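Colleague: I want to learn how to read a fold feature by feature. Can you take me through one?

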Amino acid sequence: MLHTRVIPCLLMRNQGLVKTVKFKDSRYIGDPINAVRIFNEKEVDELMFLDIGNSGKSVSPDFELLSDIASEAFMPFAYGGGVTNIDQVKRLYAVGVEKVVLNTAAAERPHLVSEAARLAGSSGVIVSVDVRRNWRGRHSVHVASGTKDLKRDPAEYACEMERLGAGEILLNSIDRDGTKSGYDLELIERVCKAVSIPVVASGGAAGLSDLRQAADAGASGLAAGSMFVYHGKHDAVLITYPEYDQLERLFK
Amino acid sequence: MISVVDYGVCNLGSMLNMLRKIGVPAQLVSTPAELSLAKKIILPGVGAFDNGMRALTERGLAEALRSKVAHGETPLLGVCLGMQMLGRGSEEGALRGLGLIDADAHRFRFAPESRLKVPHMGWSHLDRLHECALLRDLENESRFYFCHSYHLVCDSPHDVLANAGYGGGFVAMVHHKNVFGVQFHPEKSHRFGMALLHNFARM
């Protein structure tokens, strides 16, 4: 393997690209298909799209838009948001999505994780584990865009998802989302130790050193939003991605 | 014209998207009759070995592939599980493979203290062992996306076209006569995968 995968994680709402802070305050930053083209040119390791206008609701994924996006994505492409049944999962694979991300549905209908894994193999199923620290500093899993507290321990929850058939865990720190304050390394380390499947860390990355720290903490994939869509201290919208040799040096 | 085998178990969207992108005409084939007319065949695949073999067999495609490819010159490219099914069988399942390559699929096994996760998901360079038209004009630094828990182990080193590394070397590409297999996903490997699929289209 060359290096730990570095994955731009893009958020969508009403067909537009947005970025949030702590899962709130979403700001419009551009056109999703344009962003995919740019990330294609930059030869990113992988791309993740989450429709947050959809998550926790029973609105079906926007298959037409996803089909357009997938036809431009020549790297592994993951999608999440509004996926609630196996027919949707099937359709997502058919339009060219490699990995389907389940969050609320995984908690409410765990058998969907198993069904999806039977359909496309575990590697096509990511369970997003969104975590917030409570007032005592303890981690707890949330669903429905962070609005519903499951009061479950993330490591134990991730293990359950692995048993159900998830091939990967997307580990989101809600508290760090959009804050550029670095990944929650303690959380990453704990969950990575608990599961034997790859964990993609998300939430808080500001720069290359954050990526390195999360990889050292055990993450197999490093997702970031702000880091790849904002530039400078005033957060001007600019889509960037590290040069390949930069990443090679970083993970040496 | 490349015929992509559609046997109902996997994502064909990505493969078709990329072939379209590089201007290679492609069609889906799902019956033995359609397959018998194919000039070049891609056998994609994800998921469990037995699922794949069962789906191929139920549709009569396993037998059709064997007779078309083993007794002819039609080039066949197996991708990911499609490559593993070219072998005799897999630790993952009980069913027999296509038997077009003398090889078996084994699971990645690492020491408990190892930090390597299974499936292996990520990008790798290739360590090329033989010259082959499939690798023509590919830059040395070409990298490919892998996503798998099993890998082929070949009887004959002559059938191994390239290795890649994950906790040691494993077979990334096989070649025996008109049969080719890639463990990685060329359709998800940017311009590197495009170059490889171009080469296959030109065979």
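Colleague: How many bridges join strand β11 of chain B to strand β12 of chain B?

Modeller: First, a caution: this is a predicted model. To read a strand pair, count the bridges and note the direction. Five bridges join β11 (residues 160-165) to β12 (residues 169-176) in chain B, and the two strands run antiparallel.

Colleague: Now a single residue. Why does B:Leu19 count as buried?

Modeller: Count neighbours against a cut-off. A residue is buried if 20 or more other C-beta atoms lie within 10 Å of its own. B:Leu19 has 22 C-beta neighbours inside 10 Å, so it counts as buried. B:Leu19 sits in helix α1 (residues 13-21) of chain B.

Colleague: Which residues is B:Leu19 in contact with, leaving aside neighbours within four places in sequence?

Modeller: B:Ile2, B:Val24, B:Ala26 and B:Leu197. B:Leu19 and B:Met194 are 175 residues apart along the chain, yet their C-alpha atoms are separated by 7.9 Å.

Colleague: On to chain A. How many helices and strands does chain A have?

Modeller: Begin with the inventory, then the overall size. Chain A has 10 helices and 14 strands. Its radius of gyration is 16 Å, close to the 18 Å that the globule rule gives for 252 residues, so chain A is as compact as a globular protein of that length. The C-alpha trace of chain A spans about 45 × 40 × 35 Å along its principal axes.

Colleague: What share of the residues of chain A count as buried?

Modeller: 56% of the 252. Take contacts in chain A between residues at least 6 apart in sequence: 64% of them join residues at least 24 apart.

Colleague: Which residues of helix α1 of chain A are buried?

Modeller: Look down the helix axis and see where the buried positions fall. In α1 (residues 32-41) of chain A, the buried ones are A:Pro32, A:Ala35, A:Val36 and A:Phe39. They fall within an arc of 100 degrees, so they line one face of α1(A). The face turned away carries the exposed residues A:Asn34 and A:Glu41. Cover for the buried residues of α1(A) includes β1 (5-13), β2 (16-21), β3 (24-30), β4 (47-51) and α2 (63-70) of chain A. Just after α1(A), A:Glu43 has a positive phi of about 55 degrees.

Colleague: Where does A:Cys159 lie, and is it buried or partly exposed?

Modeller: A:Cys159 lies in helix α6 of chain A. With 18 C-beta neighbours inside 10 Å, A:Cys159 counts as partly exposed. Beyond four places in sequence, A:Cys159 touches A:Ala194 and A:Val195. The buried residues of α6 (residues 154-164) of chain A include A:Tyr157, A:Ala158 and A:Met161. Elements they pack against include α5 (111-120) and α7 (185-194) of chain A.

Colleague: Last, the interface. How many residues does each chain give to the contact?

Modeller: Chain A gives 26 residues and chain B gives 27. Next, ask which element contributes most. On the side of chain A, helix α3 (residues 86-95) gives the largest share, three residues. That side of chain A divides into 12 nonpolar, 10 polar and four charged residues.

Methods: Residues are numbered from 1 along each chain as its sequence is written. Chains are lettered from A and ligands numbered from 1 in the order in which they are written. This is a predicted model: local features need pLDDT of at least 70, side-chain atom pairs count only at pLDDT 80 or more; totals for chains, interfaces and linings use all residues. A residue is buried if 20 or more other C-beta atoms lie within 10 Å of its own, exposed if 12 or fewer, and partly exposed in between; C-beta atoms are placed from the backbone. Helices (H or I, at least four residues) and strands (E, at least two) are DSSP runs, numbered from the N terminus. The arc is that of the directions from the helix axis to the C-beta atoms. Two residues are in contact if their C-beta atoms, placed from the backbone, lie within 7 Å. Ala, Val, Leu, Ile, Met, Phe, Trp, Tyr, Cys and Pro count as nonpolar, Asp, Glu, Lys and Arg as charged, and the others, Gly among them, as polar. Two strands pair if DSSP finds at least two bridges between them. The radius of gyration is taken over C-alpha atoms; the globule rule is 2.2 Å times the number of residues to the power 0.38.
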